[in-house]
Amino acid sequence: MSGTVLVIAEHDGKQISDGTYELLGAARSLASALGGAAEVALFGPRDLAGQLGGASVVVSVDHPALAQYLPEAYEEALLAVLAERSPRLVLMSTATPGLDLGAAAAVRWQAPLAACVTKLEVADGVVVATAQILGGKVLAELQLAGERAIAAVIGGTFPAAAGHGTGTPDVVEIAPPAGLDQLRMSLVQVTEPPGGDVDITAADLLVSVGRGIESQDNVELVQELGDALGFPLSASRPVVDAGWLPKTRQVGKSGLKVKPKAYLAFGISGAPEHLEGMRDADLIIACNTDPGAPIFDVAHYGTTIDLFDLVPALTEKLSQ
Amino acid sequence: MRIVVPIKAVPDLVEEIELTADQTGIDREFLKFVVSEWDAQALEEALLVKDASGAEVVAVGLASDPDIDQALYTAIAKGADSAVRVTGDADDSTLTGSRAALLAGYLAAEPADLVITGVQAADDLDGQLAPMLAAHLGQPHVSVVVGVEAAEGGITVRQEFAGGRVHELAVGLPAVIGLQAARQAPRYAPITRIRQAMQAGGLRVVAVEPATAGPAPTVRRMLRPEQASHAQMLTGSADDVAAAIADLLRDRGLV
Amino acid sequence: MLVRIIVGGLIVLVGLGLAGTRLGWLARLVRSGRPAPGRLSGAPARVGAELVEVLGQRKLFKRWRSGLPHALVFWGFLILLFTIIEALGDTFISKNFAIPLIGHAAALGFIEDLFTVIVLAGLAVFTVTRLVESPQRRGRSSRFYGSHTKAAWVTLGMIALVMITLLGYRAAQVNTGDFPYGRAAFASHAVATLLHPLGTGANSVIETVLLLANVAVIMGFGVFVTYSKHLHIVMAPLNVAFSRRPRALGALGELPAAAPAQASQLELLTWKQRLDTLTCTECGRCQSVCPAWNSGQPLSPKLLIMGLRDGLMAGAAGSGEPVIDKEVLWSCTTCGACVEQCPVDIEHVDTIVHLRRQLVDAGQMEPAVQQVLQNDAGQGNSFGKSGRMRARWTRELGFTVKDARNEPVRSLWFVGDFASFDERLQVLSRSLAHILRDAGVDFGMLFDGERDDGNDVRRIGEEGLFQLLAEQNMESFRAASFDEIFTTDPHSFNTLRNEYPAFGLDKPVLHYSQLLGRLLADGSVPVEPLGMRVTYHDPCYLARHNRLTEPPRQVLAALGCELVEMPRNGLNTFCCGAGGGRIWMTGPEQAERPSENRIREAVALGVDHFVVACPKDFVMYGDAVKTTGNEDRITVIDLVQLVDRARRPAAALETV
């Protein structure tokens, strides 16, 4: 049985993502436990292989259809790679590409998939993945027996540092499969989020609001606090979906990952998708009237004072 | 255009979730089930496509899901043209892999031009439905979609990425879409209309042969997450807590 | 005479023709409305209402400064019907016509003249009122804001003209000898003195001219009536006859059969609702007491009814645009102040809820409201919390409350959503539980068998969901054993008492103030007099909808509190703004919240405690005290807290 662990690389055409390094770090230790090596599947610009020093092998498929991420193209390329390299374990993120590719590969490559993984280990030669389900309320320890398996890993589970390396991996070029010339979808347009707004990933402090803010009018109240502090507002998904703050302020799995010196969370319950975006902040202070809110499990300090009382009090204290 | 919307009943996260005695599963007996929130979004998006360009929307559920009839009639009350309850032999209908195989069997019998379902469900252990279904059917699929529109020769979809980047894709039909969020919040279904739908009946039951599901992971055990830490709670009046927070920030040179 | 007959005849024929045609058209407009169930039942009460409200002008007297003059003018109109008969007799029969049998009675002559003078005086009062209260002077706070003031002036002018021509021709009759009455008809004789110097010939001409003028103005006025808001003189008696008895408060009116999905708002209206719109006198009393209008929101009950009327008149029945904007409909708190005030028994709240049903069906509501409905449908409570958490507040009691589903109890406590799930109110619930237990009351609860009572769900307009909740609650009631139900929430009280009997509930329903009153009276709760000087806010759903104003006052008296009444108290209480689902809504913009308005009213009384008897009032006024910066001046306190203080003054109290 192969012991190879294959990581699917994510990139924006110029830069390999942090998430890829997280998976590569994990792949290296898992591969050694399985008696194999860590490989990275790289679709698109071959020169990005230079950023993957931590891998033993970079398996590259390059074709015009792979210039930008396209679900069908990446899937065809992936299946070609899987057929060639026959890895024991395939790792991908739970970001958009991972959601497209993992489950499809599970059926087409006939391998068990563990979704939303927060822990991965090898025990007696068997891959054991812990999946987080039901909003984080339950963990399922899954056994991925057999010759092949797939794990979709939640961002932030493994440290990115372990995936960097200064080595020179072997680059194996795989011929682009015929499917890449018979695609049934095409990329029409890419829209970057509107610029000109604040970059919350660069802020040292974020004043973040969640559903507990109740209405758009109340955002003004919190903006006063932000102004008093001199730092920007950010938000959880429901606030952005409701249109109360722009998408550029969204913290979380489908928004931005932030690591400020201080993160003040007002009226945020702490759903796993949000925590994924901010749990690494140096200081997390959470304000939520529900003492059982999951945010308190990652916050350093917390309070159940109503935010409508606390925010004005805090604004006043800071204006003195 | 015939749009099929598969919906899944998942445990209501408002409730406490208990594990079975042998701890290999969730105790489903006394649980309350609701329609997966992403499937509700998917239904809404399908109805929006119907509102804009005319389409036939069919809500489909698996007979093994608790209270699925109520969910299907609710879909009709919201504007779906019809609803189907699928029965068949599934290894373990709590696993997405089995569900995909069963639904693939249904779609082989009653093909759709477009399948829109939620991008994920809260209890997805072994993967998400849309890509698995597409793999069985040999159709293109796109997940994390935030908008679907009928277009010349197929559909246009908007696929969302972390950080807010959006890709607009042109996709040929038939295709399978995993919806993240509809263009507007799921519409309300007044109870009167749901009851009218129930009284009118008209739910079709279709028995199918499932496709062959791929291998699934085995659950060794289920457990509750340990709370490694908990926040230090600040007490007192709003002023007291505000002062404490101001101090914490001052200590770090942020004020 | 010939001149009189011909000219008079023409005038009358044209007048009756025009007025008749118009009335026929209006009748068709009303009859093309949807069926209104239950409007013919209970004839005795309807006859009684005609006597008391129409003849007796009862509701007019709520504001005696305009009510008394109006009553006098109205009675004047009735008396002066005799003079119309006389005028017609003088036109068509003979110059010195007298009504058979009584036509020469001094008393009749006197009364006719008396009321002619009274009517003129009344018109003078109305004129002054309209000048002082004009919208030009007072803007939105004028009850005439939005009313057709020009038509009002025309009305006053025409009535004045009727009186003047009447008096004038009677005076001439005195001088020509055609007058049927003696000196008892003092006014006619007084004016006759003025006309006397002109001579008999001139007076004869004046007599004919003013008589025909009188007939012409009367006919003209009659036609004008059918084209203006003064139509109320015809419509009001009709409307009062068909209105809900005893009043359109408490339960909602019977629901018309389901409407086709694409119906316009006007097509939804029943014939009674259409009649309502034609009856409106534009007096604006409803507008002046409306909490929405007074907080700067777009809803005025008067303008809403007028808007529907204008839509009907314009034949807008089939057009696409809604006549009444949804912002207007969503502003209503269903407090019923408008219904209470309306002198002609228009049923504003029923109509608003009726139109809301269409908004709910189309999903045109704030997301927060939709969420509440989804919470109720999914979890059976408006908070969206697990139904199993409903009675969790009882855990900290230190004793077990009986489960009425498992063992019989005398008094079933229907706790309600707010008192169960809101942390501030759970404290009050626990206090009450302790009070009841110490008093030896045999009480129990339904625990997680309880659901949202549905009162506000129904008034938001989700009728199906209300029925679902009621059915679920009834199932729990049937599984339980109890003699009576009590609740701290007037909203729950309202629907359980007035609407649940239709679902089979046949036990007495009490408000906790009634229960506390009983316990204080029979000594079950021994108390020391508090000696506090307080004011009390009557909850809308207790006082106005259910006429319960005494029980909380009796409790305050039993506790030795000195009550300083709010200016707007009892049936005239001013809403806190939470009803009708508004506690969950944010829009439309409010200049000043009703609750803030109310707190300012209370602070002006110079008391330090504002007593409430409703969980929503407790929350709304608690917030308003903070937002108006009155925390140091006044404290909101519930009846339960007062009882607690009075029964154990030395003990430490749980702070809220």
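Which residue in β13(B) is the bridge partner of A:Tyr301? Keep that in mind while you load the model, which is a predicted one.

**Stop 1: the strand pair.** Select A:Tyr301 and β13(B). The bridge partner is B:Gln232. Now widen the selection to residues 301-303 of chain A and 232-233 of chain B. These are strands β15 of chain A and β13 of chain B, and they pair in the parallel sense over two bridges.

**Stop 2: chain A against chain B.** Show the whole contact. Chain A puts in 74 residues and chain B 70 residues. On the side of chain A, colour helix α3, residues 96-108: this helix gives the most, with nine residues. Then colour that side by class. You get 42 nonpolar, 17 polar and 15 charged residues.

**Stop 3: chain C against chain B.** Here 17 residues come from chain C and 10 residues from chain B. On the chain C side, select α18 (348-361), α19 (367-379) and α23 (463-479); each gives two or more residues. The largest share, six residues, belongs to α19(C). By class, this side of chain C holds six nonpolar, seven polar and four charged residues.

**Stop 4: C:Lys326.** Stay in chain C and pick helix α16, residues 326-330, where C:Lys326 sits. Leaving aside residues up to four places away in sequence, C:Lys326 touches C:Leu359 and C:Gln364. Finish with a distance: from C:Lys326 to C:Leu299, 27 residues apart along the chain, the C-alpha separation is 9.9 Å.

Technical notes: Residues are numbered from 1 along each chain as its sequence is written. Chains are lettered from A and ligands numbered from 1 in the order in which they are written. This is a predicted model: local features need pLDDT of at least 70, side-chain atom pairs count only at pLDDT 80 or more; totals for chains, interfaces and linings use all residues. Two residues are in contact if their C-beta atoms, placed from the backbone, lie within 7 Å. Helices (H or I, at least four residues) and strands (E, at least two) are DSSP runs, numbered from the N terminus. Ala, Val, Leu, Ile, Met, Phe, Trp, Tyr, Cys and Pro count as nonpolar, Asp, Glu, Lys and Arg as charged, and the others, Gly among them, as polar. Two strands pair if DSSP finds at least two bridges between them.
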